[in-house]
Amino acid sequence: TAGCTGAGADGFSPRSIGGSVGQSLEQDFTRVVKESLPAIVEITSDTGIGSGVVFDDKGNIITNAHVVGTSTEFQVRASTGTQQFPATLVGSYPPEDLAVIRVQGAPSLKPARFGRSSTLEVGDIVLAMGNPFGLEATVTEGLVSKLGRTVQEPPEGEQSGALLRSAIQTSAPINPGNSGGALVNLSSEVIGI
């Protein structure tokens, strides 16, 4: 009957339908965090703290060039541990704000799964994982707000700011220390750094 509330003929109320959708999304978030967070590391250099993403089982870690700066030696700590391991710079490409470092002697770092950012759509849910303000293993959520942004990063120290093309804009909170961390989709795939 029009104007009535409560269960419909099939026994479901709008409230129970919304609750099951919310519970399912919560379960998706929990699954993605459990699958993806072990691949996120904290990177410490003589100039500060940032984040990184384990690329492979050889100890290669992807991060931002502005995280490594002019340093060539680092300490890396897995998000699931307390021990720090030494790492060295493999290479840095400041024009795209990307760098790779390699950890020495870290047992069983878990490589991330990588997806294709070209499949993203505005409105997709994403999780940002990193170490903002030095707070390890932090996760925030948001949406893909815009694709294909061009962003001019400000200069840092002796490095000129990078001009990033085709950047992913997200509503997920990103704070100092998140740099170099992962932007992850609900399939547990890294689709941005």
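Q: Which element gives the largest share of the lining of the largest pocket?
A: That is E9, with seven residues. Keep in mind that this is a predicted model.

Q: Where does E9 sit in the chain?
A: Strand E9 covers residues 163-170.

Q: How much space lies in the largest pocket?
A: About 1,100 Å³. Its lining takes in 44 residues.

Q: Which of those lie nearest the centre of the pocket?
A: Asn-64, Leu-164, Ala-167, Gly-192 and Ile-193.

Q: How do the lining residues of the largest pocket divide?
A: They split into 21 nonpolar, 17 polar and six charged.

Q: Back to the strands. What does E9 pair with?
A: E9 pairs with E8, in the antiparallel sense, over five bridges. For one of the partners, look at Lys-146: its bridge partner in E9 is Gln-169.

Q: And how many bridges join E7 to E8?
A: Six, and these two strands run antiparallel. E7 spans residues 125-130, and E8 spans residues 138-152.

Q: Which residue in E8 is the bridge partner of Ile-125?
A: Leu-143.

Q: Let's zoom out. How many helices and strands does the chain have?
A: Two helices and eleven strands.

Q: In what order do the elements run?
A: From the N terminus, they go α-β-β-β-α-β-β-β-β-β-β-β-β.

Q: How much of the chain counts as buried?
A: 36% of the 193 residues.

Q: New topic. How many cavities of 30 Å³ or more are there?
A: The count is one. About 30 Å³ of space lies in the largest cavity.

Q: How would anyone spot a gap like that?
A: Rolling a probe the size of a water molecule over the atoms shows where empty space is left.

Q: Which residues line the largest cavity?
A: Ser-36, Ala-39, Ile-40, Ala-112, Arg-113, Val-184, Ser-188 and Val-190. Five of the lining residues are nonpolar, two are polar and one is charged.

Q: Ser-36 is on that list. Where is it found?
A: Ser-36 is in helix H1, which covers residues 14-36.

Q: Is Ser-36 buried or exposed?
A: Buried. Ser-36 counts as buried because its relative accessible area is 7%, and the cut-off is under 20%.

Q: What does Ser-36 touch?
A: Leaving aside neighbours within four places in sequence, Ser-36 is in contact with Met-129, Val-184 and Ser-188. Val-184 and Ser-188 also line the largest cavity.

Q: One more residue. Where is Arg-77?
A: Arg-77 is in strand E4, residues 73-78.

Q: Buried or exposed, this Arg-77?
A: Arg-77 is buried, with a relative accessible area of 11%.

Q: What lies around Arg-77, then?
A: Beyond residues up to four places away in sequence, Arg-77 touches Val-41, Glu-42, Thr-82, Gln-83, Gln-84 and Glu-136.

Q: How far is the backbone oxygen of Gly-81 from a polar atom of the Arg-77 side chain?
A: The two lie 3.2 Å apart.

Note on methods: Residues numbered from 1 in each chain as written. Predicted model: local features only at pLDDT ≥ 70, side-chain atom pairs only at ≥ 80, totals over all residues. Heavy atoms only, no water. Helix = DSSP H or I, 4+ residues; strand = E, 2+ residues; numbered from the N terminus. Buried < 20%, exposed > 50% of the residue type's maximum accessible area, 1.4 Å probe, protein only. Polar contact = N/O pair within 3.5 Å; in protein donor to acceptor, adjacent residues only side chain to side chain. Contact = heavy atoms within 4.5 Å. 1 Å grid on protein atoms, 1.4 Å probe; cavity = no way out; pocket = protein on both sides within 12 Å on 5 of 7 lines; lining within 4 Å. Points joined across faces, edges and corners; volume = space filled by probe spheres on them. Nonpolar A, V, L, I, M, F, W, Y, C, P; charged D, E, K, R; others polar. Pairing = 2+ DSSP bridges.
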